[in-house]
Number of protein chains: 2
Amino acid sequence: MNLKKEIREIPDFPKKGINFKDITTLLKNREAFNLVVDSIVSEFKDRNISKVVGLESRGFIFGGAIASRLNAGFVPVRKKGKLPAQVLSETYELEYGIDSVEMHVDALNKEDVVLIHDDLLATGGTAFAALNLAKRAGVKTTYFSFVCDLEFIHSSKKDEIKKFNPQILVRY
Amino acid sequence: MNLKKEIREIPDFPKKGINFKDITTLLKNREAFNLVVDSIVSEFKDRNISKVVGLESRGFIFGGAIASRLNAGFVPVRKKGKLPAQVLSETYELEYGIDSVEMHVDALNKEDVVLIHDDLLATGGTAFAALNLAKRAGVKTTYFSFVCDLEFIHSSKKDEIKKFNPQILVRY
């Protein structure tokens, strides 16, 4: 199965000039959905992952599936103000202005072997923020997986993520 | 395992007087997380579920896990403006004002047997909106599962959901 064919491209969403990668067509196809989950589980099943960290909100979908299949726990990294208890916060730059993501301060610990998952690696801004959250929690080891990589986008933060040799299933 | 003990209660979040049910403490605990997934999968494994519908955004976590374990597809119901292609939209009332949720118009079809999942059943507003989206798509059968039910909240929409005999794991 060619996964790229299962991903729909939507021109000019969310704004003019962006060719949005819509994974909902992949998600609703049970064969494609489960092929993605199987591929990620197969890559990480022997690495003793204790927690899967999913990035809000599309990273929650495969993140939850992978956590269940790896018999791991799940930790959400959310946009500012969504988590109810004490959080660690990381700020990252957007095209205009800044944004931040948060994780509960008690979500990860020094014993954890963590797989950070998101559907899309674009500028690497949120993935790098999640990496810093995991570092501040003092986790033992961090791995990454992404469904798609927009390889035509380059940044120094993305270079840092690439040093972790992330699993990537579809490249643009 | 007593699942209710794994759910943290946060007083006065997101506003004064609300005792927020924080499931992140359950999610990060691999035994508790997988007990919830196993319980839902066990209930629905013989009902030929073709697609799991998860409600943004906490419903994506268990929704993705359940879809994978049932070998089904996954369909997100999202807040307004998040989905990139043509959508069906349903409006529901909030305490002050209205809000709406959306689903891609091509997400479900007449052959589908659907499990709608969210972590929390409170007023039933979003679950009822999701039910209407599934009805408008003409699905064959609809089931519901929720991790928690706030039984002290009553509404006519919630009564409609209860007619479907939803699976509920933790009651308040």
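In the predicted model described here, A:Ser145 lies in strand S8 of chain A, which spans residues 141-149, where strands (E, at least two residues) and helices (H or I, at least four residues) are DSSP runs numbered from the N terminus. A:Ser145 counts as buried at 0% relative accessibility; buried denotes a relative accessible area under 20%, exposed one over 50%, and partly exposed anything in between, as computed with a 1.4 Å probe on protein chains only. When residues up to four places away in sequence are set aside, A:Ser145 touches A:Ile40, A:Phe44, A:Leu115, A:Ile116, A:His117, A:Asp118 and A:Gln167, a contact being defined by heavy atoms within 4.5 Å. A:Cys148 is likewise buried, at 1% relative accessibility, and B:Cys148 is buried with a relative accessibility of 1%. The count of disulfides over all chains comes to zero, under the rule that a disulfide is a pair of cysteine sulfur atoms within 2.5 Å.

Residues are numbered from 1 along each chain as its sequence is written, while chains are lettered from A and ligands numbered from 1 in the order in which they are written. Since the model is predicted, local features need pLDDT of at least 70 and side-chain atom pairs count only at pLDDT 80 or more, whereas totals for chains, interfaces and linings use all residues; side-chain values use heavy atoms, with hydrogens and water left out.

Chain A as a whole contains six helices and nine strands. Its radius of gyration, taken over C-alpha atoms, is 16 Å, close to the 16 Å that the globule rule gives for 172 residues, so chain A is as compact as a globular protein of that length; the globule rule is 2.2 Å times the number of residues to the power 0.38. Along the principal axes, the C-alpha atoms of chain A fill a box of roughly 40 × 40 × 30 Å. Of the 172 residues in chain A, 56% are buried, and residues 24 or more positions apart account for 58% of the contacts in chain A with a separation of 6 or more.

In chain B, helix H4 (residues 59-69) has ten of its eleven residues buried, so it is largely enclosed by the rest of the structure. The buried residues of H4(B) include B:Phe60, B:Ile61, B:Phe62, B:Ala65 and B:Ile66, together with B:Gly59, B:Gly63 and B:Gly64. H4(B) is followed by B:Asn71, for which phi is positive, near 55°.

Further backbone features occur in loops. Most residues other than glycine have a negative phi, and most peptide bonds are trans. In chain A, A:Asn48 is not a glycine and yet has a positive phi of about 55°; A:Asn48 is placed in the loop between helix H3 (30-44) and strand S3 (51-55) and is exposed, with a relative accessible area of 65%. B:Asp12, also not a glycine, has a positive phi of about 60°, is located in the loop between S1 and S2 of chain B, and is partly exposed at 40% relative accessibility. The loop between strand S1 (8-11) and strand S2 (19-22) of chain B also holds B:Pro14, which is joined to B:Phe13 by a cis peptide bond with omega of about -5°. The peptide bond from B:Glu56 to B:Ser57 is cis as well, with omega near -10°, and B:Ser57 is found in the loop between strand S3 (51-55) and H4 of chain B.

Two further residues of chain B have contacts with B:Tyr172. B:Leu150 occupies the loop between strand S8 (141-149) and helix H6 (156-162), and B:Leu150 is buried, with a relative accessible area of 10%. Beyond its neighbours up to four places away in sequence, B:Leu150 touches B:Lys21, B:Leu120, B:Leu121, B:Ala122, B:Lys158 and B:Tyr172. B:Lys4, by contrast, is partly exposed at 36% relative accessibility and belongs to helix H1 (residues 3-6) of chain B. Leaving aside neighbours within four places in sequence, B:Lys4 is in contact with B:Val170, B:Arg171 and B:Tyr172. The C-alpha atoms of B:Lys4 and B:Gly54, which are 50 residues apart in sequence, are 22 Å apart in space.
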